[in-house]
Amino acid sequence: EYLRRPLAGSLGPGEYLVVAADAQNGAPDGVALVDTASGATLDALSYEGAIAALVEGTPLPAEVADSNTVTGSLARIPDGGDTNDAATDWRFTTTVTPGAANVETAP
């Protein structure tokens, strides 16, 4: 673990939250949303390799990873969907949309 951001409140339908953080170099990497009161993991993603505690279902394939050479982002496509399977829920997209709906475009 190298960074924590405390969050509070809730999001209504059609609202988005952007959590800014500098990415750590080195693989694997991951992100988790944790309810600190209960300790429950609400959602998680690991990429560039599996982090056992963060893998939901099938890990992302190696080719679905954030890139140091192509501008883009890992995004949940479609927005709001969560099948509890990382390989189904996440895509690399070259359309970066902080604070707006995710758009899938291939590199």
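The model is a predicted one, so to speak of local features a pLDDT of at least 70 is needed, side-chain atom pairs count only at pLDDT 80 or more, and totals for chains, interfaces and linings use all residues. Residues are numbered from 1 along each chain as its sequence is written, and side-chain values rest on heavy atoms, with hydrogens and water left out.

Confidence comes up first, as pLDDT (the predictor's confidence in each residue, from 0 to 100). The protein averages 83, and 93% of its residues reach 70 or more. Helices and strands here are DSSP runs (H or I, at least four residues, for helices; E, at least two, for strands), numbered from the N terminus.

Next comes the interior. Buried means under 20% relative accessible area, exposed means over 50%, and partly exposed is in between (1.4 Å probe, protein chains only). A nonpolar core is then a set of buried Ala, Val, Leu, Ile, Met, Phe, Trp, Tyr and Cys residues joined through side-chain atoms within 4.5 Å. The largest one has eight residues, namely Leu45, Tyr47, Leu60, Val64, Leu74, Ala86, Trp90 and Phe92. Strand 2 (41-47) and strand 4 (90-93) are the elements that give two or more residues to this core. In soluble globular proteins, nonpolar side chains tend to be buried together.

A salt bridge is a side-chain nitrogen of Lys or Arg within 4 Å of a carboxyl oxygen of Asp or Glu, and the structure holds four of them. In one, Asp43 pairs with Arg76, with the closest N and O atoms 2.0 Å apart. This pair ties together distant parts of the chain, with Asp43 in strand 2 and Arg76 in strand 3, 33 residues apart. Asp43 counts as buried because its relative accessibility is 14%, and Arg76 is buried too, at 12%. Arg76 also forms a salt bridge with Asp89, at 3.4 Å between the closest N and O atoms. Here helix 1 supplies Asp89 and strand 3 supplies Arg76, 13 residues apart. Asp89 has a relative accessibility of 4%, so Asp89 counts as buried.

Another salt bridge joins Glu104 and Arg91 (3.8 Å, N to O). Glu104 sits in the segment after strand 4 and Arg91 in strand 4. Both are partly exposed, Glu104 at 45% and Arg91 at 28%. Through shared partners, salt bridges join Asp43, Arg76, Asp82 and Asp89 into one network.

Asp85 is placed in the loop between strand 3 (73-76) and helix 1 (86-89). Leaving aside residues up to four places away in sequence, Asp85 touches Glu56, Gly57 and Thr58, where contact means heavy atoms within 4.5 Å.

The peptide bond from Ile77 to Pro78 is cis, with omega near 0°, and Pro78 belongs to the loop between strand 3 and helix 1. Asn84 lies in that loop between strand 3 and helix 1, with a positive phi of about 65° although it is not a glycine. Glu48, in the loop between strand 2 and strand 3, has a phi near 60°.
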